[in-house]
Amino acid sequence: MAIGLTEEHEALAESVRGFAERNIPATVVRAALEAGEESRPPFWSALAEQGLLGLHLDEEHGGQGYGLLELSVVLEELGRAAAPGPFLPTVLASAVVDASSNAKARGELLPALAGGAKTAAVALDGALTGRRDGGALVVTGTAATVLGAGLADLLVLPVAVGDDEEWVAVDAAGLTVTAVESLDRVRRVARVEAEGLAVPAGRVLDGLTGDRVRDLAAALFGAEAAGLAGWLVTTASEYAKVREQFGRPIGQFQGVKHKAARMLIVLEQARAAAWDAARALDEGADEAGFAAAVSAVIAGDAGVQAARDAIQILGGIGFTWEHDAHVYLRRALTLRALLGPSKRWAAKVAGLALDGGRRPVELELDAGAQPLRERIRAEVAELAAIEDKNALHARMGDEGWTVPHFPQPWGRGAGPVEQILIQQELRAAKVKAPNLVIGAWLVPSLVRYGSEEQKERFLRPTLRGQMVWCQLFSEPGAGSDLASLSMRAERVEGGWRLTGQKIWTSVAQFAEWGFCIARTDPDAAKHDGISYFLVDMKSEGVDVRPLKELTGEAIFNEVFLDEVFVPDDCVVGEVDKGWQVARNTLSNERVSLSTGGGLGMGVPELLGFFAGREPDAIAAAEIGRLVAQGQSIDLLGLRTTLKQLNGVEPGAEASVRKLLGVQFNQDVADYCWAAQGAAATTEVPMAESGIAARAMLFSRAMTIYGGTTEVQLNIIGERLLGLPRDPEPGK
């Protein structure tokens with residue numbers, strides 16, 4: 001899945017991709033690369049006939065009546081093909097003209113741009129000045145690097161008039177346009193000079209600001225950068241599958257696999273950021289500038305990073321002129337350079353966020369959901385009226401509010417829309433469901449594999465928040481490689497006796513019950529002969545020993561089981577088939593962790609930490625980078641939800657978000673701690689230094705629990721990119 005999420009966007013992307021395959025093969029790109037001078041590509045008229053140049057413009061101006069989001073879908077696909085020609089410069093120019101309040105200019109210029117009769121370009125900066133002479137603006141000066149200017153019939157230029165900046169749209173015939181040696185030799189830049197050019201009032205783009213122009217560029221450049229990154233990820237991973245060194249495909253080596261996985265991560269972030277910037281601009285949202293700045297930081301850098309990493313994976317062949325990788329690197333670098341330094345955009349993100357201008361990541365449902373919302377709101381109001389917390393939690397557990405997506409009687413059988421409405425209405429009414437803590441990981445496995453007696457005995461009190469659980473999975477010799485566990489379970493009359501050691505068991509010192517896996521058939525294959533048990537933590541032979549962590553606290557524990565008796569009615573699923581139950585639990589653990597939570601420092605904590613402070617330029621850039629990262633992670637979650645609402649299985653977003661989320665929490669905690677300066681050497685309880693130190697220290701666990709970063713990168717590389725699995729030990 002690319003930038004667009006709906007079926008209509010998928011169809012549009014597929015159509016443009018097909019157009020590119022037919023009309024923009026590598027030979028066309030190579031011809032533009034090697035040409036002595038830039039010219040309109042042979043497919044230009046066909047591109048115009050598809051109506052893509054006016055996709056984002058109103059029908060009254062010859063457009064298709066859609067928006068920048070649909071245009072972004074097109075730009076991503078053309079970026080994937082590294083299309084030569086003035087498509088991006090022209091649609092940016094038409095979007096800029098369309099943003100003006102000058103109706104005469106819009107009516108005169110947009111139809112020709114929408115129909116492909118004229119091409120255009122926009123100077124994002126320059127040294128042009130203007131003076132008033134009657135009704136005209138007389139312009140003189142130079143814009144040194146204007147993308148697509150060499151092919152443009154129309155130029156949109158910034159002009160300094162006193163202390164103000166105005167924008168004008170002028171015919172190229174009245175300017176001096178000079179080709180320059182360009183880094184991107186497929187789509188080039190040129191120098192534009194004006195000498196006493198009189199621009200009539202009808203060509204002055206009133207109501208337009210430099211911020212608006214650059215925001216539009218950030219959104220559209222971001223979409224193309226996502227397309228570049230998409231091609232690079234595919235090319236690098238496909239090469240890694242077939243290129244062999246040391247007797248195996250290089251994609252099997254974790255150094256390569258993890259680099260490819262991280263390429264996919266930045267690609268998904270770029271898509272999310274560019275998608276939201278286009279949406280915000282289409283909506284005319286107050287926070288559109290924030291969304292555009294996030295796109296400039298995330299997507300602008302993603303194209304460059306993906307290109308550099310792809311060349312690294314490709315090795316020597318990637319460094320040759322004959323391979324197309326350098327075409328994509330040059331284009332990504334050009335987009336980055338034209339947008340301006342990433343640090344400058346990051347500082348803008350920081351400034352807006354610290355002033356309360358962060359764009360909320362919210363899901364808005366259409367009017368068709370209103371009757372269901374009203375019914376849920378009425379039921380939630382009844383819950384809100386229950387003053388006794390225990391009574392409230394008991395009712396919520398019994399009526400399915402705790403896990404509404406599960407079937408009745410444990411849940412409400414709620415579909416995606418109803419789940420969202422329940423979440424929104426509970427939050428609005430400040431009604432909190434029972435906190436299941438570790439029990440949340442067990443519930444799906446009990447619903448799927450538990451007997452009816454087990455469900456009634458364990459699910460009901462768990463969903464009420466009355467039963468505290470711990471997970472007895474990890475062992476000293478079986479962490480990420482969990483199937484290597486050695487705890488044994490021996491058959492005895494009426495049940496089993498479990499013997500062995502578990503470790504890293506959260507809240508075991510408080511838990512009433514634990515869900516445990518142990519080996520019931522030591523002669524079976526590695527993933528067979530394992531069974532899934534429910535263990536009463538008060539049983540004789542259970543010894544819980546808290547582990548003091550580097551924070552000085554003890555959340556984790558060692559748990560020793562010495563011939564602990566577990567009756568047959570506490571075996572979940574079939575004997576010797578417990579691995580499939582455990583996998584279900586682990587998958588739900590990772591989904592739970594991927595949705596965030598209160599364990600680490602995120603954007604709210606980051607902004608709270610710097611509230612009232614005046615960050616310098618270096619700090620502002622770093623704060624903005626972190627805020628942009630956090631925003632992209634939230635957007636990945638929103639896109640996953642929207643896919644589910646559209647009946648589409650989530651793709652890379654869920655795995656990517658889990659990995660990014662824990663690393664982000666870690667990065668924020670580390671930065672806030674360091675930002676204290678010398679005060680970071682102290683750890684005063686309940687004071688800022690103590691809170692920051694605790695968050696920083698605890699964050700080291702975040703990239704370990706629930707699947708280490710390295711395991712998650714393997715999952716992304718193998719399952720999403722199809723890279724070869726790690727070899728079995730000794731092979």
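Is Gln-252 buried or exposed? Gln-252 is buried, because its relative accessible area is 16% and buried means under 20% (exposed is over 50%, partly exposed in between; 1.4 Å probe, protein chains only).

## The model

This is a predicted model, in which local features need pLDDT of at least 70, side-chain atom pairs count only at pLDDT 80 or more, and totals for chains, interfaces and linings use all residues. Residues are numbered from 1 along each chain as its sequence is written, and side-chain values use heavy atoms, without hydrogens or water.

pLDDT is the predictor's confidence in each residue, from 0 to 100. The chain has a mean of 92, and 96% of its residues reach 70 or more. Residues 589-598 stay under 50. Where pLDDT is low, the predicted coordinates should not be read in detail.

## Around Gln-252

Gln-252 sits in the loop between strand E9 (248-249) and helix H8 (254-283). Helices (H or I, at least four residues) and strands (E, at least two) are DSSP runs, numbered from the N terminus. Leaving out residues up to four places away in sequence, Gln-252 touches Lys-257, Pro-724, Arg-725, Asp-726 and Pro-727. Contact here means heavy atoms within 4.5 Å.

## Paired strands

Strands pair if DSSP finds at least two bridges between them. Strand E2 (residues 127-133) runs antiparallel to strand E3 (residues 136-147), with seven bridges. Thr-129 has Thr-140 of E3 as its bridge partner. E2 and E3 form a hairpin with two residues between them. Gly-134 in the turn has a positive phi of about 65°.

E3 also joins strand E7 (residues 189-199), again antiparallel, through eight bridges. There, Leu-137 is partnered with Val-199 of E7.

## Nonpolar cores

A nonpolar core is a set of buried Ala, Val, Leu, Ile, Met, Phe, Trp, Tyr and Cys residues joined through side-chain atoms within 4.5 Å. The largest one has 152 residues. Helix H9 (residues 288-314) gives the most to this core, with 18 residues. Another core, of 53 residues, lies apart from it; Leu-442 and Val-571 are among its members.

Val-156 is one of the residues with the most contacts inside the largest core. Beyond four places in sequence, its contacts include Ala-93, Trp-167 and Leu-205. In soluble globular proteins, nonpolar side chains tend to be buried together.

## Salt bridges

A salt bridge is a side-chain nitrogen of Lys or Arg within 4 Å of a carboxyl oxygen of Asp or Glu. The whole structure has 47. In one, the closest N and O atoms of Arg-187 and Glu-224 are 2.6 Å apart. Arg-187 lies in the loop between strand E6 (176-179) and E7, while Glu-224 is in helix H7 (residues 210-242), 37 residues apart. Arg-187 is buried at 2% relative accessibility, and Glu-224 is buried at 3%.

Asp-398 and Arg-464 also form a salt bridge (2.6 Å, N to O). Asp-398 lies in helix H13 (residues 389-398) and Arg-464 in the loop between helix H16 (452-463) and strand E10 (469-472), so the pair ties together parts 66 residues apart in sequence. Asp-398 is partly exposed at 28%, and Arg-464 is partly exposed at 24%.

## Cysteines

A disulfide is a pair of cysteine sulfur atoms within 2.5 Å. By this rule, the count is zero. For Cys-516, the nearest cysteine sulfur is that of Cys-470, 8.9 Å away. Cys-516 is buried, with a relative accessible area of 0%.
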